[in-house]
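Work through the exercises below with the sequence and the model side by side. Each task is followed by a solution in steps.

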Amino acid sequence: MNTLTEGEVFRIHWVPGTDRLLAVCHCGGEREFEDPVTLWDWLLAHPEGHSGPYADAPPAAS
């Protein structure tokens, strides 16, 4: 069992040359942020405000 590829995986990337962060949700939704608190609020609010191939999917069972 590989826990890094199962369930809810969030990724945060620094956008080189900027002070911005790119949030990538487990549903495939992406959005750039300047404030890390706002970034996490957006990620954890899934599926609100997300538009990805799995945005409307229910959260994975833990």
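**Exercise 1. The chain as a whole**

What percentage of the 62 residues in the protein chain is buried?

Solution. The model is predicted; local features need pLDDT of at least 70, side-chain atom pairs count only at pLDDT 80 or more, and totals for chains, interfaces and linings use all residues. Residues are numbered from 1 along each chain as its sequence is written, and side-chain values use heavy atoms, with hydrogens and water left out.

Step 1. Apply the classes: buried is under 20% relative accessible area, exposed is over 50%, and partly exposed lies in between (1.4 Å probe, protein chains only). Buried residues make up 23% of the 62 residues.

Step 2. Take the surface, computed by the Shrake-Rupley method with a 1.4 Å probe. The accessible surface of the protein chain is about 4,600 Å², and 54% of it belongs to carbon and sulfur atoms.

Step 3. Take the contacts, meaning heavy atoms within 4.5 Å. Of the contacts in the protein chain with a separation of 6 or more, 20% are between residues 24 or more positions apart.

**Exercise 2. Strands and sheet**

Determine the order of elements along the chain, then the pairing of the strands.

Solution. Step 1. Helices (H or I, at least four residues) and strands (E, at least two) are DSSP runs, numbered from the N terminus. The protein chain has 1 helix and 3 strands, in the pattern β-β-β-α along the sequence.

Step 1. Two strands pair if DSSP finds at least two bridges between them. Strand 1 (residues 11-14) pairs with strand 2 (residues 21-24) over 4 bridges in the antiparallel sense; here Arg11 has Val24 as its bridge partner. Strand 2 is also joined to strand 3 (residues 30-33) by 4 bridges, again antiparallel, and Ala23 stands opposite Arg31.

Step 2. Inspect the hairpins. Between strand 1 and strand 2 there are 6 residues, and Gly17 in this hairpin takes a positive phi near 80°. The hairpin of strand 2 and strand 3 has 5 residues between the strands, with Gly28 at a positive phi near 100°.

Step 3. The 3 strands form an open sheet in the order 1-2-3, with antiparallel pairing. Strand 1 and strand 3 are at the edges with a single partner strand each, so one side of each has no neighbour in the sheet. The twist averages 25° from one strand to the next.

**Exercise 3. Helix and core**

Solution. Step 1. Axes are lines fitted to C-alpha atoms, for helices over the stretch in contact, and angles run from 0 to 180 degrees between N-to-C directions. Helix 1 lies across strand 1, strand 2 and strand 3, at about 10° to strand 2.

Step 1. A nonpolar core is a set of buried Ala, Val, Leu, Ile, Met, Phe, Trp, Tyr and Cys residues joined through side-chain atoms within 4.5 Å. The largest has 7 residues: Ala23, Cys25, Cys27, Phe33, Leu39, Trp42 and Leu43. Helix 1 (residues 36-44) gives the largest share of this core, 3 residues.

Step 2. Leaving out residues up to four places away in sequence, Leu43 touches Phe10, Ile12, Ala23, Val24, Cys25 and His50.
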